[in-house]
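Please load the model in your viewer and keep the selection panel at hand. The stops below follow one another, each with something to select and something to look for.

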Amino acid sequence: RQQAQAPTAAQVPTRLRRYQKKREDKQKKRLTHTMDIPLLRRNRRRVPLLTLLLGFVALTVVVAALFRQETETKISSGFAVKRARCEGGDYLQMLQNDVESGYLYLRGGAAAKPKPKAAKKKAPSKSSKAAKPEKKKKPKLDPEAEKERKKKLAEKKKKEEKKKKNADKPRRPKSAFLCFLDKLRQDNKSKGKQVEAKDFISNGGKMWQEMTDAQKAPFEKISNKLKVEYTKELAAYQEKQSHTKAAKKPKRPLSAFMQFMNEFRNANDGKYSLTEMSKAGGEQWQSLNDKQKQKYNDLANSAKKKYDKDLESWSKLPDDE
């Protein structure tokens with residue numbers, strides 16, 4: 001029986017391979033639950049993860065104990081400094097300073113009470129979030145439309161600044177047609193009629209055209225009266241503005257080209273229209289050489305020197321109250 005169970009020479013390598021394979025499988029299973037530490041490889045020991053976790057916990061306990069000991073030494077040193085101050089005789093003064101600063105709080109004393117903690121804001125619930133309307137995103141405009149929008153805003157801002165600057169300036173009087181529209185608006189309001197602005201103006205224009213001169217006469221009389229009042233108020237306003245510092249500011253001098261254009265305009269008065277005059281003057285200016293332009297450059301330089309001198313004297317004037 002022993003001879004029958006003994007492996008032959010051909011069967012030995014296969015058995016060895018099986019044994020080696022089983023051993024490798026066992027090692028793989030064991031490595032999934034353990035870690036191999038290089039320091040213990042001589043003894044071929046396997047250290048489980050639990051031992052590493054216990055070591056980490058012990059290390060944190062030691063570090064916490066050292067930190068606590070250090071804080072206790074700091075606190076004790078602080079009390080030692082206070083004790084030394086108390087031995088000097090200023091204990092009551094130090095205690096009073098601590099109470100006034102709010103470091104100590106005495107029940108029945110005049111010390112400042114510690115400030116209560118601010119209440120935490122509750123997070124909004126889902127229902128409140130759902131109740132809020134969603135903000136609509138503004139549609140992106142084309143570059144040309146955006147440019148036009150910015151231009152309109154700039155013009156509006158410029159008008160508002162001009163209006164603030166000339167707040168005291170009297171307004172222009174109403175024309176006879178506007179006086180008629182005011183009368184028509186009052187009539188519609190008394191009768192209880194509601195007409196849109198566009199239709200109101202168009203209907204008023206048609207009625208004004210159909211009216212005779214005799215019917216228009218009372219409105220023209222009101223308009224003329226307003227014009228007389230406007231001219232008086234404007235003269236008083238201009239008189240008042242003439243004494244201000246801004247009215248006395250010297251005007252900027254003319255350039256060499258503008259000096260030439262003044263001379264060209266006087267020489268060719270009535271020969272060209274307004275647009276043709278500027279075009280013809282520009283062409284003639286370009287045809288002049290440097291020697292011919294020197295005359296106008298000298299006039300511009302002398303005007304510039306006079307302007308600088310007048311501007312310096314103007315800046316020394318007192319500001320308006």
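Begin by selecting helix H12 (residues 290-315), whose 26 residues at 1.5 Å a residue should span 38 Å, and whose end C-alpha atoms lie 36 Å apart, which agrees. The expected span used here is 1.5 Å times one less than the number of residues in the helix, and helices (H or I, at least four residues) and strands (E, at least two) are DSSP runs numbered from the N terminus. Bear in mind that this is a predicted model, in which local features need pLDDT of at least 70 and side-chain atom pairs count only at pLDDT 80 or more, whereas totals for chains, interfaces and linings use all residues. Residues are numbered from 1 along each chain as its sequence is written, and side-chain values use heavy atoms, with hydrogens and water left out.

Stay on H12 and centre the view on Tyr296, where the helix has a kink of about 25 degrees; the bend at a residue is the angle between axes fitted to the seven residues ending there and the seven starting there. Tyr296 is also one of the buried residues of H12, together with Lys293, Ala300, Tyr307 and Trp314, where buried means under 20% relative accessible area, exposed over 50% and partly exposed in between (1.4 Å probe, protein chains only).

In helix H10, select Gln259, which counts as buried at 17% relative accessibility. Leaving aside neighbours within four places in sequence, Gln259 is in contact (heavy atoms within 4.5 Å) with Leu254, Tyr296, Leu299, Ala300 and Ala303.

Now turn to the aromatic rings: a search of the whole structure finds 10 aromatic pairs. Rings of Phe, Tyr and Trp (its six-membered ring) pair if their centres lie within 6.5 Å, and planes under 30 degrees apart count as stacked, over 60 as edge-to-face and the rest as tilted. Select Phe180 and Trp208, whose ring centres are 5.5 Å apart and whose planes stand at 40 degrees, so the pair is tilted. Phe180 lies in helix H7 (residues 176-191) and Trp208 in helix H8 (residues 197-210), 28 residues apart, and both Phe180 and Trp208 are buried.

Then select Phe260 and Trp285, a tilted pair with ring centres 5.3 Å apart and planes at 45 degrees. Phe260 belongs to helix H10 (residues 256-267) and Trp285 to helix H11 (residues 274-287), so the pair ties together parts 25 residues apart in sequence.
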